[in-house]
Amino acid sequence: MSEIVKNDVERQVRYTPAEIEPKWQAQWDADASLYAAEPHETGKPKFYCLEMLPYPSGALHMGHVRNYAIGDALARFMWMRGYNVLHPMGWDAFGLPAENAALKNKMPPREWTLGNIASMRKQMQRMGLSYDWSTEVTTCLPEYYRWNQWIFLKMFEKGLAYRKQSKVNWCPECQTVLANEQVIGGCCWRHEDTSVELRDLTQWFLRITQYSDELLNGLDKLDGWPEKVRTMQRNWIGRSEGTLVDFKVAEGDAKITVFTTRVDTIFGATSVQLAPEHAVSKAFAAEDPALAAQIEELLDQQKKAREAGDVGAIEKHGIPTGRFAVNPFNGENVPIWVANYILADYGTGAIMSVPAHDERDFEFATKYGLPVRRVIAPNVDMDAAGLALPYTGEAEAVLIDSGAWTGEACLEAQEKMAAFAAANGFGTATVTYRLKDWGVSRQRYWGTPIPMVYCQNGHPGIEAGGVVPLPESALPVELPAQVEITQQGGSPLGRVAEFVNTTCPVCNGPARRETDTMDTFVDSSWYFYRYTDAKNSTAPFDSAKANYWFPIDQYIGGVEHAILHLIYSRFWTKVMRDLGMIENDEPAARLFTQGMVVKDGAKMSKSKGNVVSPDLMIERYGADATRMYALFAAPPDRDLEWQEEGVAGISRFLSRVYRLTTKYSGAGTARTAIGASRGGEIPAAEQKLLRKLHQTIAKITLDFSGRWHFNTCIAAIMELVNEIQSSEPAMDSGEVSAAAVSEIFRSLVLMLAPFAPFVSAELWGELGGEGQVFRAAWPVANEELAKEDALEIPVQVNGKLVTVVTVPVGSDEATVKAAALEDAKVQARIEGKTVVKVIVVPGKLVNLVVK
């Protein structure tokens with residue numbers, strides 16, 4: 001009996017994750033430096049691997065596990081490749097759910113939040129996730145949010161933070177303001193069935209529009225980001241080049257400024273249309289009660305369309321005002337209308353209507369019988385009367401019936417006409433953006449206090465009630481601990497006299513604190529910089545440390561953050577760069593957006609009631625099987641349909657790995673060079689196993705380098721294990737050398753380590769491996785050993801597959817042709833027929849053409 005077989009008989013060991021995993025977790029928890037990054041002065045190449053931080057809602061579900069398992073596998077792989085890895089975790093801990101819980105459970109938001117964090121951290125540790133908890137960031141703690149306040153003050157100094165009255169989005173359910181990016185389909189991003197209202201409020205804004213061009217142009221450099229995300233951001237920024245043109249109201253001094261991207265069509269303008277809330281609309285309404293009532297009706301229609309979530313789909317209605325405006329290019333009086341589809345807060349709140357060359361304008365003109373005048377055509381000699389309308393050609397079109405510009409190409413005319421307008425004082429070329437400044441005021445308690453006060457008496461340079469920034473020495477402005485939360489009547493902070501009433505830092509007179517708090521997306525706009533220096537009490541972070549680690553090498557999170565978090569964090573990075581805090585222009589070099597976990601036909605979420613707890617899966621199958629299933633069941637960028645049987649299947653697979661590895665662990669001491677005992681000759685059974693091993697190493701290494709097909713990585717490991725299992729007799733009989741057996745199982749465990757760390761750590765010990773398995777060197781594929789010695793070539797007859805023949809690698813065309821023609825199935829198919837032609841595609845295919 002061989003030693004290997006004897007070892008198997010003596011040790012019928014059973015895979016028990018309930019024993020193995022807690023043992024290793026206890027060891028890992030006891031070593032605070034285990035997952036710690038090395039100092040930034042190290043000479044090692046760095047790798048910053050980051051998953052988006054979660055909101056501490058109370059418990060993880062399998063959607064979280066999938067996200068974190070992807071990042072964890074990558075971090076462990078990069079450690080094994082010799083990189084200095086930063087892999088942190090924290091908590092996006094401010095937000096409305098904590099206030100809701102306070103109302104429901106009569107528990108302070110801080111207590112509820114910190115309790116949830118403790119529970120979720122424990123779940124993450126039980127999953128074996130490789131986070132460096134010494135860098136943990138919790139955004140609701142003063143040691144973090146004081147730096148929100150500090151950066152806000154810096155923005156205020158630079159004119160990037162300001163206060164103004166504006167129409168804002170108001171969620172009745174949240175009882176607070178929402179940024180434009182937080183309104184999804186006319187509803188609140190948190191309450192998908194709650195329609196958002198428009199209100200006039202004085203709010204704090206961050207001047208993100210100052211960075212519009214840089215945010216847009218920077219997308220071209222983000223080659224490591226999904227094109228879908230970059231397209232979403234381009235569309236949201238919405239850059240448009242065009243011309244501002246003033247139409248003077250025919251009677252009086254008022255003027256109507258319109259923005260158009262097609263000033264070349266202005267000779268075809270047959271009306272000017274205003275938003276119901278435009279200043280000129282209001283002036284007309286003030287003089288005409290009947291018109292005022294009609295405008296109010298249009299405004300009501302517009303509000304209902306906003307609440308429905310699609311103003312663009314509104315049934316278009318308009319009313320003539322009986323007034324006229326003068327087209328400055330030709331002096332023509334055109335009627336002024338008020339229309340329900342024109343928005344006061346979009347562009348200038350007014351348009352020139354050119355029905356012949358704009359689909360929306362054509363629809364409106366057709367409905368109300370307004371003139372349609374053709375001024376653009378494919379060529380100047382064309383009979384425009386026969387032109388199908390609306391005609392929207394531009395690059396290939398020319399102007400007709402357009403005064404001095406007739407015959408000009410449209411693109412050239414746009415430049416010349418904009419210049420003409422500027423020279424004559426009634427217009428200018430300009431660029432507009434869909435992107436609006438970021439409204440950050442929230443009428444909530446559980447958020448970062450805004451570090452501003454209002455001096456009641458005023459002092460030189462500040463009027464009574466004017467805004468005064470707090471000095472840095474006054475930071476942090478802390479939230480009061482005991483606050484009654486009602487979600488009614490504005491911010492709860494406004495009812496806390498001890499918080500509100502303070503003194504002006506300039507004149508020491510009475511002052512009132514700002515009671516709005518910051519949007520929670522402020523917290524998540526820069527948290528990843530804090531990870532590099534999380535305990536710093538004198539600055540947000542050490543610039544030298546941040547400059548070493550940034551940009552993030554791999555950022556992982558959901559595509560739903562494409563507009564909100566990802567555009568805000570890009571803005572914040574550029575601001576901090578301009579403040580001299582960092583050197584990088586973008587926060588992350590590469591972004592990966594994982595697919596959702598779907599159960600019962602819907603995204604897994606607490607609100608849907610279809611959450612699967614990882615705790616239950618761990619109890620039944622172990623953490624390794626749970627996380628490995630999340631990586632195996634679908635490509636990581638695709639949605640995963642949850643099936644518990646899949647977790648059970650992975651558990652059975654790990655049992656096979658455990659049985660085989662423990663059976664052959666005795667070979668771990670045999671380190672003789674492969675083939676040495678046989679004079680360099682490698683037996684066929686051994687060669688076959690080693691070929692499969694090195695092909696698997698090559699595939700997984702390649703997939704980790706960018707493709708991230710972790711599902712096929714795990715499938716490749718499964719194929720290798722199948723090959724090992726089918727080779728047991730050869731290994732037991734000694735046909736496979738002990739050195740080869742040792743290499744095979746050591747490499748198998750190393751490849752398994754990023755996906756199933758607990759069982760890999762256990763088996764690494766069984767094999768006599770030194771240190772932690774994820775700090776061992778990743779195996780290197782041997783190209784020679786990985787080469788196939790034979791190829792399987794499909795053979796077709798008249799384009800239909802007949803058989804597959806096997807030929808030696810490197811066979812010439814004649815050998816391949818001969819093998820195909822000699823095959824019994826091929827001979828049966830061509831019997832009695834004439835072979836007209838034999839087509840050989842080297843290494844790929846043989847096709848016989850017969851008659």
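## A guided look at this predicted model

pLDDT, the predictor's confidence in each residue from 0 to 100, stays under 50 over residues 668-679. For that stretch the model has 26 contacts beyond four places in sequence, a contact being heavy atoms within 4.5 Å. Where pLDDT is low, the predicted coordinates should not be read in detail. The mean pLDDT of the protein is 91, and 95% of its residues reach 70 or more.

**How to read the model**
- This is a predicted model in which local features need pLDDT of at least 70, side-chain atom pairs count only at pLDDT 80 or more, and totals for chains, interfaces and linings use all residues.
- Residues are numbered from 1 along each chain as its sequence is written, and side-chain values use heavy atoms, leaving out hydrogens and water.

**The sheet**
- Strands (E, at least two residues) and helices (H or I, at least four) are DSSP runs, numbered from the N terminus.
- Four strands make an open, parallel sheet in the order β2-β1-β26-β27; two strands pair if DSSP finds at least two bridges between them.
- β2 (84-86) and β27 (591-593) each have a single partner strand, so one side of each is left without a neighbour in the sheet.
- Strand β26 (residues 554-557) pairs with β27 over three bridges, and Y555 stands opposite L591 in β27.

**Two packed helices**
- Helix α20 (residues 684-707) packs against helix α21 (residues 710-726) at about 170°, with axes 10 Å apart; axes are lines fitted to C-alpha atoms over the stretch in contact, and angles run from 0 to 180 degrees between N-to-C directions.
- That makes the two helices, α20 and α21, roughly antiparallel (angles over 145 degrees).
- Residues in this contact include L689 and F704 of α20, and F710 and L720 of α21.

Conventions:
Parallel < 35°, antiparallel > 145°, perpendicular 65-115°, else oblique.
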